[in-house]
Amino acid sequence: MRLQKYLSRAGVASRREAERLIVAGRVMVNGALVTELGSRVDPDADVVFVDGALVAPKPTRWVLFYKPVGALTTERDPHGGRTIYDLLPDDFRGLRYVGRLDRETEGLLLLTNDGDLAAELLHPRNAVEREYEAVVKRLPVRDTLDRLVQGVTLEDGLARAKRAELLGERRDEATMRLVLTEGRKREVRRMLEHVGHPVLALKRVRFGPLTLGGVEAGKWRDLGADEIAALVAAVAGEVSG
């Protein structure tokens, strides 16, 4: 196992942060200082220290969390805002979020210490679906839904929904379902703003094969082995939402 992966699995730091620790000379393996990023360790035989403290990888864990509105998807906010980790048990700080939801977006957020699978779930080449329900201003017409699927040009390039559907209407508001296969910053909000339907409320209800189910806002649950296997299958293209 690569040393940076070992450190990430131990909950010491993210993979990128672990690389910085190694280069900075803060990591020792079997009593020897290691500064090369390509270094490998045997989790069953080698002894690893960071800043003089013994570290060891933890069992792989995946958590499904219903992020409520108002919580930031970040480890800490320099401005003192509430983060997702403020709502979760202290030991969850060793888990990394898989993608982000902005402060005003609620819904399904995955956390894990399995950096490899997390990276594969997020990589655009794997086209893992994210499904959102959005309440928007004004009632969209069929052409608007078609435009979202055909693609709209944003400041960071073409953005396209895999599916766009109208779920319901009420006065001058509508509820829409959008399915995307990438997760650019505030992408859903920017797409809907671009076609003239600013978002009033936004929720992610599905990530790959997983849905919120009965999890309430601010609550969480561990994933079962079958659900983790379904995530692996989604990356392999064996599951479609």
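Student: Leaving aside neighbours within four places in sequence, which residues is D77 in contact with?

Tutor: They are L72 and T83; contact means that heavy atoms lie within 4.5 Å. This is a predicted model, in which local features need pLDDT of at least 70 and side-chain atom pairs count only at pLDDT 80 or more, while totals for chains, interfaces and linings use all residues. Residues are numbered from 1 along each chain as its sequence is written, and side-chain values use heavy atoms, with hydrogens and water left out.

Student: Where is D77 placed, and how do you know that it has no salt bridge?

Tutor: D77 is in the loop between β5 (62-67) and β6 (96-97). A salt bridge requires a side-chain nitrogen of Lys or Arg within 4 Å of a carboxyl oxygen of Asp or Glu. The nearest side chain of opposite charge (Lys and Arg count as positive, Asp and Glu as negative; His and the chain ends are not counted) is R103, 4.6 Å away.

Student: Why is L33 called exposed?

Tutor: Exposed means over 50% relative accessible area, buried under 20%, and partly exposed in between (1.4 Å probe, protein chains only). L33 has 53% relative accessibility, so it counts as exposed. L33 belongs to strand β2 (residues 32-33); strands (E, at least two residues) and helices (H or I, at least four) are DSSP runs, numbered from the N terminus.

Student: What makes L33 part of a surface patch?

Tutor: Patch residues have over 30% relative accessible area and no salt bridge; like charges are joined within 9 Å, and nonpolar side chains (Val, Leu, Ile, Met, Phe, Trp, Tyr) within 5 Å. L33, together with M28, V47, F49 and L54, makes a nonpolar patch of about 430 Å², an area from the Shrake-Rupley method with a 1.4 Å probe, only the protein chains shown counting as cover for residues.

Student: How do you know that the buried residues of α2 share a side?

Tutor: In helix α2 (residues 15-23), the buried residues are A18, L21 and I22. They cover an arc of only 100°, taken from the directions from the helix axis to the C-beta atoms, and therefore lie on the same side of α2. An α-helix has 3.6 residues a turn, so residues three or four places apart point the same way.

Student: What do the buried residues of α2 pack against, and which exposed residues does the opposite face carry?

Tutor: The buried residues pack against α1 (3-9), β1 (27-29) and β3 (48-50). The face turned away carries R16, R20 and V23.
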